Amino acid sequence: MKRYIKIIGILLFVAALSAPFACKKSFLQQTDTFAATEAATFTKPQQVVALVNAIYNTYQSSDLMKKSIWYYANFLTHDWYNNGNDIVWNYYGIGADFYALPVFWDNAYIGIARANAALEVIAQTRANGILPDALANRLEGEAYFLRGMTYYYLAGTWGGVPLELKAETNGLTPRSTQDSVFMQVVADMHLAEQLLLSKTQLAATDIGRATTGAAYGFEGAAQMWLGKYDSALIAFNNPELTTNYHLLPNFVDVGEYADQNSDESLFEVQFNVYGSQSWDGGWNDGGEEAWIDDFGWPQEISGFGYDYGNPGLWYSYQGGDLRRACTIGGPGDTLTSPGIIAQWGGIKGYAVVQANYQTTPNTYSDGHGNPINSIGTATYPWYGLDGTPRSGYYDTKKWRDPTLTGANGTSAIFGGQNQILLRYAEILLDKAECEVRTGDVTGAMADLATVRNRAWGGTAPAVMQDSLTWNGQPTQPITDPLQMVLSEYRHELTAEYSLMYDLRRAGPGVASTFIQGEYGTTSSTNQIVYPYGPTADGKTHGVWMTTLPLNKDILPIPVSAIALNPNLIQNPSY
Amino acid sequence: MTHLRNLFPPAFLLLFVLSLLCCTNAVFGQSRLITGKVVANENDSTLPGTTVSVKGKKINTVSGRDGAFSLSVPPNSVLVFSSIGYVSQEIPVNNNSTFSVRLVSNQLGLQQVVVIGYGTTKRKDLTGAVSSVSADQIEKFPVTTLEQAMQGRAAGVQVTQNDASPGGNINVLIRGTGSLANNGNVPLYVIDGYPLETGGINNINPNDIATLDILKDASATAIYGIRAANGVVIITTKKGRKGGVQVTLDGYDAFQSRPKEYKILNAFQFGTLANQVAAASNGNFQSFSAWANPSALHNVDWQNGLYRPGLSQNYNMAIRGGSDKVQEATSIGYYNQKGIVQGAYFKRLTFSTNLDYQPAKWLRSSTSLKYSRQDQNVPFGSNGSNNLLALSELPPTMDSGNAATTQIYDGHGNYGFFNPIYTYVAKYSNPLFSINTNRYQNLNNFFLLSSSLEVTLYDGLRIKTNAGITYSGYNGYYFSPEDDRLVNQYGAAAGATQNASYSQSINSNFDWLWENTLSYDHTFGKHTINFVAGVTAQKNQYNSMAGSGIPPNNTIMDLAQSTAVVFTTGQNGQTISSLASEFGRLNYNYDERYFITGTLRRDGSSKFDEGHQYGVFPSGAVKWHAKNESFLKNVYWLDDLSFRGSYGLVGNSQTIAPFQYLALYAAGTGPNVAPSYGYTFGEPKTFAPGIYSTQPANPDLKWETDYQTDIGMDAAFLQGTLRLTGDWFNRRSKDFLLTIPASPQTGYSFLTENVGSMVNKGVELAIAYNHTVSSGFTWGANFTLTTVYNRLLSITSGTTQLPNFGNPLTTIPGDGWNPFSITKPGQPVGEFYGYKSLGIFQSQSQIDALNATAVAKGFAAYQKTITQPGDRYFADVNGDGTVNATDEIALGSPLPKFFTGLNLDATYGAWDFNAYFYGSYGNKIFNFAESSLESFQNRNFVGVENISVNYLNNAWTPENHSNTFARVTSNDDAIGSNVASSAYVEDGSYLKLKNLTVGYTFPGRLADRASLARLRIYVSTQNLFTITKYKGLDPEIGYQGGNATQNGVDNGTYPSSRFYTVGLNVAFK
């Protein structure tokens, strides 16, 4: 019996011994249930379309749009200031370890990597017959456009940056020169111009995608960075632009919620509301599906007030310029946005005003017992409720979304309003600068007049002259053609996404000199007691007048990027 | 069964025994027959064959199978008990007639059985570097995890408690840091033969452990191949003994004192400071109107309100016994710790059964079953990355907050809150409100079952099949009720009502193992061979599901009021990994003088691409047992001497998740579910889905390889009472696997790569001394010392240095404090990194002079354009004229030059004594807590926070020109004084008395009266004192988040405090 059991034991063991060998090969082949391989993913055209959609997606980031591009375009000009954690912008104190820098840098390269990967997948799926040629062309054009546009903002912000043009990279590419990057932008836009659809050909379901016109617009701007004003004019004068894009008749409609994707817009980042507009909505889910314009509204209305204006910008608008009220509002100013007025009747309609105008009259009543309908009053400017300094002036260009209430009322904080990166008025101003540069002052004046006439609702004054200096002094007419263009950039485009880029593009030192001319800046890094106007009460209210230092018109390469790519050389003065 | 009625609760039992003690007044005669029983101290198993002799006489006997003995002795005799592998013991007879003798194992005794992979050997035959810890040592003082049991007892093993939270994480490093990956340095734990792939070892009750054998060099670990690079800890749990049944009861209650507290400002000091800072801020900061009169403020002591005395209770009951054929050991344990922070607790129920059955001499089966259920809550987080520091930083007043109370809690349902309008405090919340009103659950279940069948085919030739499963499951939820208190009082200006929220997650990890081995042991003449070979397969499957959302009715205050939570986000997943391996080991020795061991393992892992799945891990070792040479045999003062040497390769693949080698794409989620990766197009706007690349392909990915060299020696003196083991090791880790922050230019945040090489080399020394003094007095000392020299040798991914990965230290702001460590070639891993502080700027002229130079060189300023006297002065290390990121330098290493443990044991009659010291020398600590308490600003945010009294009293002012503390400001982010710098790097060396225990074992006759084989009571204290220069609360600081690049940062983690323990060990007859 023992022997019998022993034999069984041996047989069992041998069987057991062999089992792991027998299943070994397949035993080590496991299937990933989370994600799919390239071959398994791109089997239908819509999957390649989805891959390209993900490139656009990188711009649906409020950190990239607001804290990166918008902050650079506006805070460096001193037209606008930050309230909150990022006040280092206000005196050019950004260091290489500033936390928002990698948001910009990293997001930009994620978009570029997605574009590079998409170009390879498009080529592969086109070759495999999965993607029809027409669609493949459009998608390729979109990938080139988005890559080029991203390099445009990278080089505009940092100067030369590394050029990553292939999906496979170790990420150790050194910086190219600024010119090389803008040459790459031109190259990408050239390809995009050939591959994209005209806005007239774009299906209604594809509105928001890159178009031929947008490619010409960015190509022209890139040519200007390269000093190739003739080439820029060729791009700007392409019929695709001159025929299919127009200024909206009324400046107030620029940036209106009801005028998204208008005839004036070349390219705007699309947003929409999906679900809640409060903290538990799109913001909570990555901040990709909602926008945050009300963060810049007065804290008295929104509960935020994270950015605010320089009174000097308000004073600079020439008499009769309708753009002022649609751009910056101060004590006693009402809102002119048709959308806001239609929805709320103006400021007086917001719940926080209705709820508090009797109990807190200094803040929320008009001084006569009625709900306030202005951005504070001359007696009680809206400096904010929390004691941190604000000027009492706010961005009315970004106070357009009637669905928002701020952190009051329904707590509709996040909206779905698109953000315009490039519009036709800027093309006209760009053209004017090119014409100045190439000696065609007459042409330049004509293009300026087109923009200015709209700003005056008909005919602009023949003489260009600011109303007052920042400290309430009389001004002189602006007669130098280039200075005229720069002044128009400021009054037309401030609080959007391009002003500082356009000023820096004009040449070394131009921006610093221009800002100093407008604001009388000094080396002081402290906020000043404002000398003029309703807020001149002998106290500080968050206005700095620091001269833009040498080399600080571009930002430092983030330390996190240098740490992971030692081939990157930091910008001077950082 | 009659004995079971004695299973009283410990307190009653103790009273019972003490009453027996009090009423006993025996009278004893002159000459007689004595009887007794000898058992092993570590597991109460009987010790047959123990020689019992009368000192100085030729009177002796040998204990029987059940350990019992009887002997006729003359008056005034002294009995000598000696047994192989145990420390001899002398006991005077006096008037006693029965003896219950416990012999202590000689830990490093040559006959000690050491468990190695897939077999055992005797220490005298061991060729590799193996440290052992016995149950006897573990039971010296109360521990709740086996990591604590290892601390300081095994040379080469560095054990650091990351924080003192209940059930908190403990870091174990065997021979240094070989990997930079998160949890990449965790040893392989093998429980009763099962290599653990899931579930932490804190599921194992230390009371169930018979031995811990720690395999350190490649010769010892190579049998575990691709999982062995960080060493292997083999845990053998207690088994039943032959010849009887023994029931034991062990329990203790430990009272934990309140922790040390940071000395911070009270409301008056804080309000006064806020007003002063506001006055000097040029309008940048405006103090709160409610603080205008600081003397009227109501003080809130957050530390006092949230800290409390702790209490730990630990009870274990075991029944162990058996016959010749069947041995069984069953135990049940319960541990309950109420933490020293409100809401913190850890509860663990453990169950263990071992069953051994030998129906015939040639057939044997063993089954091990372990179950554990854990319930844990640590409100402020654990694992070294909690934010308890934030408690001390909360403003010490909530005036003008809740109208109902200005205090943390008024006892009537009202919790204070901060004013929601004043921005500088609006973000803060009352943590006790959250702790008491939120609902949460964190349950873990762990199950291990393994069973083996072994057949002896022929003398020495055995086959064995072993199969088992482990399962660990987590089930947790978190519910936060709606909070409308602020809105109700302050209206819309306070923001929106905080919605109720709910999240739930479950995950499970199932693992199975099947392995078959063939072994052969034979001695022929002077030749002895031992051979084992086998095949093994192991598969692990992890599943998880999680969801979060809000209850449909947002007005509910309690989860019980809603049965239909709407989940707005969710995630799930599954990963499977498998391992198929073959292995073999051959030991040969000649005449017990010359030993040689060869080991080979071939592992196949599913984590790698085809062509890279299989790795071969060979090792070899030699040993010369010099004492057995003829020229040393008669050297009387030398009881043992041997020399060892080994070299081998082992691997590490535990650090990466499966499928890291594949290029993968994923579809984004819907429009309002992150991450969407889609976009909005069209009129009307319509969401269009997106697809994105989650990772690029890396088909060359492979395991980490460790090349380990070990040279060691073992020696014994003084009849074996003094033993010395020394090892020199050199561990070179190559191709370490890392999911590394990628250059942003790649478009990926992280990439998994084989990125470099690292070396750890050092010396381990273990000295054990046991001495039996006459009159029943024995004492011993066990000393370990380890040095580890760690350097990164290269990074192969192209970058030159690696910052700390991520920033899980939740209170460390990114601005100016990240990175805080840099690892680069030639330097130790996780070396601190930042600016070199030169003190404090004392005058404007000093700043102006430096600025002038900076401007001349094209910079705006030397440091900042806003720098003022009183700001911290940093060194321009590279001499370019300005201080910027390129001036950051290495500031010191968190790695100690050496760490050491010293155990002192003594028994005197019925009394026993243990003192255990643990120390670390030469390590630095980055005192982020100090930095935080030197910042009036809530850095990286708008807000003010509390500071230390020391800082307030010593900060730079125009009147007090401190060169150590910067001026107090409301905007440290902008000024930049309070960034990672040498100002916060301190010497972290310490020597801590971890334990002090005094025990009393009642004499046999008293135990007899209670039908007890043993009754011991003890009192113990832990963390009684620490000798250190470190200025923080506790210098014992380990990894944060299991990450070697975030080591030694004092983030004000869950504090440790003293335990005062009363315990009882009872063994029933």
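## A tour of chains A and B

Select B:Asp192 to begin: with a relative accessible area of 18%, B:Asp192 is buried (buried means under 20% relative accessible area, exposed over 50%, and partly exposed in between, using a 1.4 Å probe and protein chains only). The model on screen is predicted; local features need pLDDT of at least 70, side-chain atom pairs count only at pLDDT 80 or more, and totals for chains, interfaces and linings use all residues, while side-chain values use heavy atoms, with hydrogens and water left out. Residues are numbered from 1 along each chain as its sequence is written, and chains are lettered from A and ligands numbered from 1 in the order in which they are written.

**Backbone at B:Asp192**

Keep B:Asp192 selected and show the backbone. B:Asp192 lies in the loop between β13 (188–191) and β14 (194–195) of chain B; helices (H or I, at least four residues) and strands (E, at least two) are DSSP runs, numbered from the N terminus. Phi here is near 45 degrees, a positive value in a residue other than glycine. Most residues other than glycine have a negative phi, and most peptide bonds are trans.

**Other backbone stops**

Next, select A:Ala495. This residue is not a glycine either, yet has a positive phi of about 70 degrees. Look for A:Ala495 in the loop between α19 (481–493) and α20 (499–505) of chain A. Its relative accessibility is 0%, so A:Ala495 counts as buried.

Then go to B:Glu683 and B:Pro684. The peptide bond joining them is cis, with omega near 0 degrees. B:Pro684 sits in the loop between β31 (679–681) and β32 (686–688) of chain B.

**B:Ser100**

Select B:Ser100, in strand β7 (residues 98–103) of chain B. Apart from neighbours within four places in sequence, B:Ser100 is in contact with B:Lys37 and B:Ala1013, where contact means heavy atoms within 4.5 Å.

**Chain A as a whole**

Of its 574 residues, 64% are buried. Among contacts in chain A with a separation of 6 or more, 71% are between residues 24 or more positions apart. Colour the surface by element: the accessible surface is about 19,000 Å², 56% of it belonging to carbon and sulfur atoms (Shrake-Rupley method, 1.4 Å probe; for residues, only the protein chains shown count as cover).

**Where chain A meets chain B**

Show both chains again. The contact involves 106 residues from chain A and 104 residues from chain B. Together the chains bury about 8,300 Å², 60% of it on carbon and sulfur atoms; this buried area is the accessible area (1.4 Å probe) that two parts lose on being put together, summed over both.

How many salt bridges cross the interface of chain A and chain B? The rule finds zero, taking a salt bridge as a side-chain nitrogen of Lys or Arg within 4 Å of a carboxyl oxygen of Asp or Glu.

Finally, colour the side of chain A that touches chain B by element. Elements that give two or more residues to this side include α1 (2–22), α4 (45–57), α6 (100–127) and β8 (540–544) of chain A. The largest share, eleven residues, comes from α1(A).
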